[in-house]
Amino acid sequence: HEGAKLPIVVEGNTKSKIFVILLHGGPGGTSQDFNLYLKEFTDPLEDDYAMVYYDQRNAGLATGEWDEEKLTIEQHVEDLERVIGLLQHQFGDDIQLFLAGHSWGGYLGTSFLLDARNQAKVRGWINIDGLIHRNRNMFHILERVDEISAEQLLNDTKQESWQKIRERLAVVAEKAIEQYDVNTEDDVFNLSRLARSQINRDNLLAHNSAFTFSAIYANNYDPFRILITDSGDRDRNLKMQMYNFDAVIDHNLENINTPSLSIYGYYDVTTPRQQGEYFNNKIGTPEADKKLVILNSSGHSSPSNEPALLAEQLKRWIEKYR
């Protein structure tokens, strides 16, 4: 579509007529991470549903020319519309579709749902550690690092390390930037990385033993093609667009009425739980049909940290709205 070949792998129980489309993170990630590395998350879902692993343009195993004019949020939304059309053509108009997105996939899925016609195509939306509003996320990172570091100091854990993080937090916050962009966001993300590293050193996250590099050698997953496809320029281009598109998100979230489940890791300092709270508070979905779940032993990658618990949350939501 529009100069790109977008690979779609469908695995699992297609007879169920329930299809779950996974939108990978990045920008520039790959859905194959879910399919191959995170089987403790996806295999239980494949038992009951058809899982759709789709690599977005200029990401993962997608091919085609790199056309900067096509690397837009609007184009990604249009691509997803075509993917849904193809699934309906291939498997029938009676299939039930659920949409799930992780990290950047949360931003893409939310952007897709701003159009009421797209909302009508899916039974439910599952936002996993999703980025919803890029500029607000900068402040949410600062807020969450403040909360977690204060907790860890009270717990008398690595006092010196967390105190240094708080000192760094004060320096970043003192700049009092109101509108971030790709040139000013680095300080916040560097702070996030420091906090993430300390969270790992403190062993606050659950670890998934099935997340293994050996998966590469047991299938047709091509890490070298993915490395070639990866592009810092592309990533920067979409980041700039997100800052501009934030206003569209902010002004139209109340028009989303789709049943929505948001799942965030307690120790996520990349897209913190505050992003899920913002999304839940803004959307127009009735209270009974929206939910925020916090996984207490997860960071930004809940599919890796608590895969079985995450899969169970998805199953409950899908069964409720199928």
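**Entry 1: a proline to start with**

Which loop holds Pro27? I looked it up and found Pro27 in the loop between strand 3 and helix 1 (32–37). A cis peptide bond joins Gly26 to Pro27, with omega at about 0°. I note here that I am working with a predicted model.

**Entry 2: the whole protein**

Next I stepped back to see the whole chain. I find 13 helices and 9 strands in the protein. Its radius of gyration is 19 Å, close to the 20 Å that the globule rule gives for 322 residues, so the protein is as compact as a globular protein of that length. The C-alpha trace spans about 60 × 45 × 40 Å along its principal axes.

I also looked at burial and surface. Of the 322 residues, 56% count as buried. The accessible surface comes to about 14,100 Å², and 47% of that belongs to carbon and sulfur atoms. Taking contacts between residues at least 6 apart in sequence, I see that 82% join residues at least 24 apart.

In what order do the strands of the open sheet run? I wrote down 2-4-3-6-7-8-9 for its 7 strands, and the pairing is mixed. Strand 2 (8–12) and strand 9 (290–295) stand at the edges; each has a single partner strand, so one side of each is left without a neighbour in the sheet. From one strand to the next, the twist averages 20°.

I then followed one pair along its length. Strand 6 and strand 7 (residues 124–128) pair in the parallel sense over 5 bridges. His102 stands opposite Ile128, which belongs to strand 7.

Helix 4 lies across strand 3, strand 6 and strand 7, and runs at about 135° to strand 6.

**Entry 3: the cores**

A reminder to myself: in soluble globular proteins, nonpolar side chains tend to be buried together.

The largest nonpolar core has 38 residues. Those with the most contacts inside it are Ile21, Leu97, Leu99, Tyr107, Phe112, Ile249 and Leu253. Which elements give two or more residues to this core? My list has strand 3 (18–23), strand 4 (50–54), helix 3 (73–91), strand 6 (96–102), helix 4 (104–113), helix 10 (232–252) and helix 11 (273–282). Helix 3 gives the most, with 6 residues.

Leaving aside neighbours within four places in sequence, Leu253 is in contact with Thr110, Leu114, Ile132, Tyr278, Phe279, Lys282, Ile283 and Gly284. There is also a second, separate core of 25 residues, and among its members are Val20, Leu22, Phe41 and Ala311.

**Entry 4: two residues with positive phi**

Ser103 has a positive phi of about 60°, although it is not a glycine. I placed Ser103 in the loop between strand 6 and helix 4. Is Ser103 buried or exposed? Its relative accessible area is 12%, and the limit for buried is under 20%, so Ser103 counts as buried.

Asn203 is not a glycine either, and its phi is positive at about 55°. I found Asn203 in the loop between helix 8 (186–201) and helix 9 (223–229). At 60% relative accessibility, Asn203 counts as exposed, because exposed means over 50%.

**Entry 5: Asn118**

Where is Asn118 placed? I traced Asn118 to helix 5 (residues 116–119). Asn118 is buried, with a relative accessible area of 2%. Setting aside neighbours within four places in sequence, I list Val77, Glu81, Phe112 and Leu113 as the contacts of Asn118.

**Entry 6: Ala4**

My last stop was Ala4, which lies in strand 1 (residues 4–5). Ala4 counts as buried at 8% relative accessibility. How far apart are Ala4 and Asn58 in space? I noted 7.8 Å from C-alpha to C-alpha, although 54 residues separate them in sequence. Not counting residues up to four places away in sequence, Ala4 touches Arg57 and Thr63.

Note on methods
Residues numbered from 1 in each chain as written. Predicted model: local features only at pLDDT ≥ 70, side-chain atom pairs only at ≥ 80, totals over all residues. Heavy atoms only, no water. Helix = DSSP H or I, 4+ residues; strand = E, 2+ residues; numbered from the N terminus. Buried < 20%, exposed > 50% of the residue type's maximum accessible area, 1.4 Å probe, protein only. Contact = heavy atoms within 4.5 Å. Core = buried A, V, L, I, M, F, W, Y, C linked by side-chain atoms within 4.5 Å. Pairing = 2+ DSSP bridges. Axes fitted to C-alpha atoms, helices over the stretch in contact; angles between N-to-C directions. Rg over C-alpha atoms; globule rule 2.2 N^0.38 Å. Areas by Shrake-Rupley, 256 points an atom, 1.4 Å probe, with all protein chains shown as cover.
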